[in-house]
Amino acid sequence: QAMPAGNGQINLSWDVVPEYFPYATDMFECLKSLLARIADGHDALPVVDQATVIESEKYNSVRAGDSVRTMLDLVRDSVRKYPTHQAIIADPGYTYQELWEASGNVAAYLREKGAREKSTVIIEFAKDSADVVAMVAALRLGAAYVPVAAHLPAYRRDAIRRLIPGSVTITTDEALRESRVKREFVSDASPSREDLAYIIFTSGSTGVPKGVEISHGGAVGTISDINDRYGVDSHSRIIGLSSLGFDLSVYDIFGSLAAGATLVMVHDERDADRIIDVLRTQDITVWNSAPALMELALLRCEQTDRFDSVRTIMLSGDRIPASMPALDNRIPYGYPLAGQGIHILGYDLTMCPRGVPGDIWISGQGVALGYASQPELTAEAFRDIPGLGRCYRTGDIGLFNHEGFVEFLGRKDR
């Protein structure tokens, strides 16, 4: 109710059922603030809840990310520090020095095929260690790598090629063969942090390929923060589960190479027996996958299995099912990585008050450059937002709660 109180003032009161309106106090304070703004002659919109602003700033007050190195620097630094250390366990396996020499051979071959600095190299992968060699080779040329599964239908691979015209293509078998041919490769490129490092194609919810373009700086910030946060170092062993066409594989490969760690590759992520065998025999310390792969492993392992070496488990890319660890049936969205921010915004791109669902946007150095050759889609998903800078609309819906973190509520397209 609103009742005159004399002297140009009014009394406000609300009758609420707290169980139905857990954020009633915040709502009432926001109304008071809004009316005060109007009384002072200011515009009514946008409505900004200062308590949410303060808590959001705390939530996003992470340190600055790695602002110097590129993805090529990460690999090169580890080669210098750990030349004889095992970089990849697969068939074939590579030490860091062997990986560097093999990638030099492939880089020289790609140059002969026409790959140049700031070009794109499509890697039609079968998910073998030779594919990693080809990725490093592309970066050494100053090119961006584009992983495309060799088993995809031809029409889809053709659609991807049309979006990145002029690309040079190399297959897994080709990379393996050429990695063994001694060639002189001189003059590694010196890409900047703003340069394109790789493109991951995803169909999203539409079935139409979308190539997400990631810069060196965007990738390095994420990789470095995860390694620092979880103590990933040269003694670590990371299991390579995800498809190389899935963005989680970027951390598996380059997070491992950045730390001087060992990447243990699993050729087929659907092979639960192989996954369990790797966990039993390879002293894996880091697991990074979609929740479904963890569920698969849990179903296949024996009750007597103990994987004491595993110190870090990262699950992302999909909803974590209720059968797995959760927080009172709520799904935390996590916390921002270094140099990044997570924001809940309304239709007007202003901050939603605590408890109010909205679109989840990401800001900071991890934001992609855009979608390859698709300016309309890029304009829809990426915006420059006052006070936040360049942001990406994730397509996720969430809310910022009173406990100081973001909860995931679902997808906008489902």
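## Aromatic pairs

Eight aromatic pairs turn up in this structure. To count, rings of Phe, Tyr and Trp (its six-membered ring) need centres within 6.5 Å; planes under 30 degrees apart are called stacked, over 60 edge-to-face, and the rest tilted. Take Tyr371 and Phe382: their ring centres are 5.6 Å apart and the planes sit at 70 degrees, so this pair is edge-to-face. The pair joins distant parts of the chain, with Tyr371 in strand β17 (residues 370–371) and Phe382 in strand β18 (residues 382–385), 11 residues apart. Helices (H or I, at least four residues) and strands (E, at least two) are DSSP runs, numbered from the N terminus. Tyr371 and Phe382 are both buried, where buried means under 20% relative accessible area, exposed means over 50%, and partly exposed is in between (1.4 Å probe, protein chains only).

Phe382 also pairs with Tyr392, this time tilted, at 4.9 Å centre to centre and 35 degrees between the planes. Tyr392 belongs to strand β19 (residues 389–400) and Phe382 to strand β18, so the pair ties together parts 10 residues apart in sequence. Phe382 has a relative accessible area of 5%, so it is buried, while Tyr392 comes out at 24% and therefore counts as partly exposed. Elsewhere, ring pairs link Tyr59, Tyr335 and Phe400 into a cluster.

## About the model

This is a predicted model, so keep the cut-offs in mind: local features need pLDDT of at least 70, side-chain atom pairs count only at pLDDT 80 or more, and totals for chains, interfaces and linings use all residues. Residues are numbered from 1 along each chain as its sequence is written, and side-chain values use heavy atoms, with hydrogens and water left out.

## A charge over a ring

Arg140 has its charged end over the ring of Trp100, 3.7 Å from the ring's centre. The rule here is that NZ of Lys or CZ of Arg lies within 6 Å of the ring centre and within 35 degrees of the ring normal.

## Cysteines

Cys30 is at 12% relative accessibility, so it counts as buried; Cys301, at 23%, counts as partly exposed.

## Cavities

There are two cavities of 30 Å³ or more. A cavity here is a set of points, on a 1 Å grid over the protein atoms alone, where a 1.4 Å probe fits but cannot get out; lining residues have an atom within 4 Å of a point. Grid points are joined across faces, edges and corners, and a volume is the space filled by probe spheres set on the points.

The largest cavity holds about 60 Å³. Among its lining residues are Thr52, Tyr59, His343, Cys352 and Phe400. The elements giving two or more residues to this lining are α2 (50–59) and β15 (340–345). By class, the lining has seven nonpolar, three polar and no charged residues; Ala, Val, Leu, Ile, Met, Phe, Trp, Tyr, Cys and Pro count as nonpolar, Asp, Glu, Lys and Arg as charged, and the others, Gly among them, as polar.

The second largest cavity has about 40 Å³ of space. Its lining includes Lys127, Gly240, Asp252 and Met265. Here α9 (248–259) and β11 (262–265) are the elements that give two or more residues, and α9 gives the most, with three. Four nonpolar, three polar and two charged residues make up the lining of the second largest cavity.

Methods. On a 1 Å grid over the protein atoms alone, a cavity is a set of points where a 1.4 Å probe fits but cannot get out, and a pocket is an open set with protein on both sides within 12 Å along at least five of seven lines; lining residues have an atom within 4 Å of a point.
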